[in-house]
Amino acid sequence: MTTILGLSGSLRRASFNASLLRAASGLMPEGATLQTGSIAGVPLYNADDESASGIPEPVARLKDALMQADGLLVVTPEYNNSLPGVFKNAIDWMTRPADDIAQVWGGKPVAVIGASPGGFGTILAQNAWLPVFRTLGTRPWFGGRMMVSRAHTLMDADHELENAETRKQLASFLSGFVDFVRAGD
């Protein structure tokens, strides 16, 4: 079984990206599963806090889940033409201590998708993540892009992705990413 850890970069209850992640969970190809993690509860990074108290429990859980997963699906909002600070903060915490980076991140297959109410999707946020994941030594998947534009028009009243064409594109994206993950084994 191929296991992918999925993280949404939004804390908002009715987040388009959390909705996209939930949809992805139900569209995984056969023989693959999506484990959903959460950045909720991750404090702002402060080296003094790390020195005094170590790695916070929400961060330790995320690091453990990432180490156990075969790949990482990043579902990113786009804030002010870039990546969200709260999401970057969680990733930064997951690189602590620095000696853990190779073990946690090294060679990990990563794919980035995102949803936005705007007309351009999350292209700039997705691009902003690439140097971060390159620095961490991951294996980004460049075989597909998925930027969901005008996400508010694709969700139902319960904030679930209902648009059939978008669901089909998401299933295809996930299939390609899982194939990429499996090819690296």
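This is a predicted model: local features need pLDDT of at least 70, side-chain atom pairs count only at pLDDT 80 or more; totals for chains, interfaces and linings use all residues.
Which residues are buried in helix H6 (residues 123-135)?

**View 1. Helix H6 and its packing partners.** Ala125, Gln126, Trp129, Val132 and Phe133 are the buried residues of this helix. They pack against two helices, H4 (85-93) and H5 (101-105). They also pack against strands S3 (71-75), S4 (109-115) and S6 (146-148). Just after H6, Gly137 takes a positive phi of about 80 degrees.

**View 2. The ring pair of Trp129 and Phe133.** The model holds 7 aromatic pairs. In this one the ring centres are 5.2 Å apart and the planes meet at 20 degrees, so Trp129 and Phe133 are stacked. Both residues belong to H6, 4 residues apart, which means about one helical turn separates them. An α-helix has 3.6 residues a turn, so residues three or four places apart point the same way. Trp129 is buried, as is Phe133. Ring pairs also link these two with Phe87 and Trp105 into a cluster.

**View 3. The ring pair of Trp141 and Phe173.** This aromatic pair is edge-to-face. Its centres lie 4.9 Å apart, with 75 degrees between the planes. Trp141 sits in the loop between strand S5 (139-140) and S6, and Phe173 in helix H7 (residues 164-183), so the pair ties together parts 32 residues apart in sequence. Trp141 and Phe173 are both buried.

**View 4. Arginines over phenylalanine rings.** Arg12 lies over the face of Phe16, 5.1 Å from the ring centre. Arg139 lies over the face of Phe180, at 4.5 Å from the ring centre.

Notes. Residues are numbered from 1 along each chain as its sequence is written. Side-chain values use heavy atoms; hydrogens and water are left out. Buried means under 20% relative accessible area, exposed over 50%, partly exposed in between (1.4 Å probe, protein chains only). Contact means heavy atoms within 4.5 Å. Rings of Phe, Tyr and Trp (its six-membered ring) pair if their centres lie within 6.5 Å; planes under 30 degrees apart count as stacked, over 60 as edge-to-face and the rest as tilted. A charge sits over a ring if NZ of Lys or CZ of Arg is within 6 Å of the ring centre and within 35 degrees of the ring normal.
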